[in-house]
Amino acid sequence: MAEMKQMRTDAKSEEKWGEKQIRKEGYAAVKRRAEYELGKLQQRVDALLRDKDSLEKKFAAEGVPCDFELLTEVRHATARIGASVMLLVLEEHTRRENKLAADKEKLKETGSDKQVHEVVARYRKWGNDHLLSVFKFAFKIYQFAGGFDQASKRLFEELGRRLHVLASED
């Protein structure tokens, strides 16, 4: 029971997963850490769910109350982590889009078409790599959490839309 409560506390930790921490570390570092933690968490939750019946009987025999709803709370808390990472990468992508537009205008006036194409290629590579990576990560969380809340769903759809736009530009 204590292990389940600790998992819930860890998943909801603002110090560990809050927006301030993600901005401080950067989404890529937080995503790597979250993927590692999510893997460990999935194993622990799956093991507890596998043994749920025997654990309930064991706790009932000892007169210890057991609430497996904590595992549901843990799963839902992971969706918030995914939403924070998705929001951060979308903000960074928007910032890069704006910078690309400004850079393209400057290069059209002063540079060659080759330079414009190089800048656009770097932007697309960043977008493809990072947006796709976060999209895959968010899908793992979606599977683990059993779905998204409305805000996370909108962020996930926006990630998909931007990936689609990038793919259609190639």
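What follows is a short tour, from the whole chain down to a few single residues.

## The chain as a whole

First things first: this is a predicted model. The chain has eight helices and zero strands, so reading along the sequence gives you the pattern α-α-α-α-α-α-α-α.

Of the 170 residues in the chain, 34% are buried. Take the contacts in the chain with a separation of 6 or more: 78% of them come from residues 24 or more positions apart.

## Where α6 meets α8

Now pick out helix α6, which covers residues 69-110, and helix α8, which covers residues 150-169. The two pack with their axes 9 Å apart, at an angle of about 40°. That angle is why α6 counts as oblique to α8. Their crossing is left-handed.

Which residues of α6 and α8 make the contact? On the α6 side you'll find Ala79, Ala83, Met86, Leu87, Val89, Leu90, His93, Thr94 and Glu97. On the α8 side, Ser152, Leu155, Phe156, Glu158, Leu159, Arg162 and Leu166 take part. Sorted by kind, the residues of this contact come out as ten nonpolar, three polar and three charged.

Is Thr78 buried or exposed? Its relative accessibility is 3%, and buried means under 20%, so Thr78 counts as buried. A polar atom of the Thr78 side chain sits 2.5 Å from the backbone oxygen of Arg75. If you set aside neighbours within four places in sequence, Thr78 is in contact with Leu38, Leu41, Ile141, Phe144 and Ala145.

Ile81 is found in helix α6 too. With a relative accessibility of 7%, Ile81 counts as buried, because the cut-off is under 20%. Ile81 and Ala34 are 47 residues apart in sequence, and their C-alpha atoms are 7.9 Å apart in space.

## A stop at α5

Last, move to helix α5, residues 52-62, where Leu55 lies.

Key:
Residues numbered from 1 in each chain as written. Predicted model: local features only at pLDDT ≥ 70, side-chain atom pairs only at ≥ 80, totals over all residues. Heavy atoms only, no water. Axes fitted to C-alpha atoms, helices over the stretch in contact; angles between N-to-C directions. Helix = DSSP H or I, 4+ residues; strand = E, 2+ residues; numbered from the N terminus. Parallel < 35°, antiparallel > 145°, perpendicular 65-115°, else oblique. Left-handed = near helix turned anticlockwise from the far one by under 90°. Contact = heavy atoms within 4.5 Å. Nonpolar A, V, L, I, M, F, W, Y, C, P; charged D, E, K, R; others polar. Buried < 20%, exposed > 50% of the residue type's maximum accessible area, 1.4 Å probe, protein only. Polar contact = N/O pair within 3.5 Å; in protein donor to acceptor, adjacent residues only side chain to side chain.
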